[in-house]
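The model is shown first.

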Amino acid sequence: MAVCCVLGIAVLAAGMLYQAKTGKPRGGGADSYQVASDAFAALSGSVKDKSSQAVDAAAQNIKKEQDAKQAAAKKAREKQAQLRGNKTGAAKSGSVSWNGKWEYAGYSKIHTGQAMLYKSSADKRKEITVAVNAGHGTRGGNSVRTQCHPEGSPKVVSGSTPAGSTTAAAVSSGTTLLDGTSEGAATLAVARAVKEELLAKGYDVLMLRDAEDVQLDNIARTVMANNLANCHISIHYNSSENGSGLFYISVPDVSSYRSMEPVASHWREHEALGQSLVEGARTAGVPIKGNGSMAIDLTQTSYSTIPSVDLEVGDRASDHSSAAIARIAKGITAGVDRYF
């Protein structure tokens, strides 16, 4: 259709040119045909030029968009590198004490304990610090209450604390595995194995609990991770008894919760980290529960300003032998690799 229109215009133009040159009405014959042919050729060339220009302009626009995306990605990488350097470069191996000036520090009730920072001696250091949090293990933590959300709103989804609550145990005592091992002891064994795997891969590790007891509540551990690490992984066993596999606690899909700071600015990071850890565990042969996630409103998530997840590595009936713990540690490390 477009070609016919162009041809029609060319013929009309040819007739007008013929009449202008000869002073005669346009008609048939070789002269008329030649003029029409010349006019059509000229018009066709013009159309091709304009088409080429349009294609070139479109290509330039695509290149500009690609350049802009690459520039934005580079800027994001530089910002992340700067963040990593700020959090890891100046710190040295050893104990880390509480700083009451940190953001959200005022919400913690138990913070006389210390965390331990381990610097990797691997040839290729990552310059990334992973906060490893062995869940529970704070004597007296179950009798102290802390605020669930920074702005005081109630929990939107039940976990160990019911929905609607505005306060929760500063650190719950946890469950007991079927063989009599306390959850705190089991999570510490996993955390120590994860620490060794991460250090061997070049990651620095902030052990938020490196002993049977640490006097740091859940908010204190989260705040320390926010300021000293690049991600935060809290290790737990859940209270079911069917040998369920590993999964992470996802961020509830509730608008009021996801719009609350600091959740609003970081929940996508939490989800990405959780998914990476599940996939890493899967590749290591660790059993996965269902789709690998369960939505619960956690104090940890509510105060986290870095990628942060609660990782349930099993339940009361799960195998927690040395071999099983080694697989979990390799899986978690593989997940950290996937994320970073």
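## Strand S7 and its neighbours

S3 and S7 run parallel and are joined by five bridges. Within this pair, Ala-134 is the residue opposite Ile-235 in S7. S7 also runs parallel to S10, with six bridges between the two strands. There, His-232 stands opposite Ser-308 in S10. The model is a predicted one.

Eight of the eight residues of S7 are buried, so the strand is largely enclosed by the rest of the structure. Cys-231, Ile-233, Ile-235 and Tyr-237 point one way from S7, while His-232, Ser-234, His-236 and Asn-238 point the other way. In a regular strand, side chains alternate between the two faces of the sheet. Both sets in S7 are buried.

## Nonpolar cores

The largest nonpolar core holds 35 residues, and Val-132, Ile-235 and Ile-332 touch the most other members. At least two residues of this core come from each of strand S3 (129-134), helix H3 (183-200), strand S6 (204-207), S7, S8, helix H6 (263-283), S10 and helix H8 (322-339). H3 gives the largest share, seven residues. In soluble globular proteins, nonpolar side chains tend to be buried together.

Which residues does Ile-235 touch, not counting residues up to four places away in sequence? The contacts of Ile-235 are Val-132, Asn-133, Ala-134, Gly-135, Thr-187, Val-190, Ala-191, Val-194, Leu-311, Val-313 and Ile-332. Val-132 and Ile-332, two of these contacts, are also named with Ile-235 as touching the most other members of the core.

## The largest pocket

The largest pocket contains about 760 Å³ of space. Its lining is made up of 38 residues; Ser-160, Ser-172, His-236, Leu-298 and Asp-310 lie nearest the centre. Elements that give two or more residues to this lining are strand S4 (145-147), strand S5 (167-169), helix H4 (218-228), strand S7 (231-238), strand S8 (246-250), strand S9 (288-295), helix H7 (299-303) and strand S10 (308-315).

S7 supplies the largest share of the lining, five residues. By class, the lining has 20 polar, ten nonpolar and eight charged residues. His-236, one of the residues nearest the pocket centre, is among the buried residues of S7.

## Thr-301 in helix H7

Helix H7 contains Thr-301. Is this residue buried or exposed? Thr-301 has a relative accessible area of 4% and is therefore buried, the cut-off for buried being under 20%. Not counting residues up to four places away in sequence, Thr-301 touches Val-251, Tyr-257, Val-263 and His-270.

## Strand S2

S2 (residues 115-118) has two contrasting faces: Ala-115 and Leu-117 form the covered face, and Met-116 and Tyr-118 the uncovered one.

Strand S1 (residues 94-96) pairs with S2 in the antiparallel sense over three bridges, and Ser-95 stands opposite Met-116 in S2. S2 and S6 also run antiparallel, joined by three bridges. In S6, Met-207 is the bridge partner of Met-116.

Technical notes
Residues are numbered from 1 along each chain as its sequence is written. This is a predicted model: local features need pLDDT of at least 70, side-chain atom pairs count only at pLDDT 80 or more; totals for chains, interfaces and linings use all residues. Side-chain values use heavy atoms; hydrogens and water are left out. On a 1 Å grid over the protein atoms alone, a cavity is a set of points where a 1.4 Å probe fits but cannot get out, and a pocket is an open set with protein on both sides within 12 Å along at least five of seven lines; lining residues have an atom within 4 Å of a point. Grid points are joined across faces, edges and corners, and a volume is the space filled by probe spheres set on the points. Helices (H or I, at least four residues) and strands (E, at least two) are DSSP runs, numbered from the N terminus. Ala, Val, Leu, Ile, Met, Phe, Trp, Tyr, Cys and Pro count as nonpolar, Asp, Glu, Lys and Arg as charged, and the others, Gly among them, as polar. A nonpolar core is a set of buried Ala, Val, Leu, Ile, Met, Phe, Trp, Tyr and Cys residues joined through side-chain atoms within 4.5 Å. Buried means under 20% relative accessible area, exposed over 50%, partly exposed in between (1.4 Å probe, protein chains only). Contact means heavy atoms within 4.5 Å. Two strands pair if DSSP finds at least two bridges between them.
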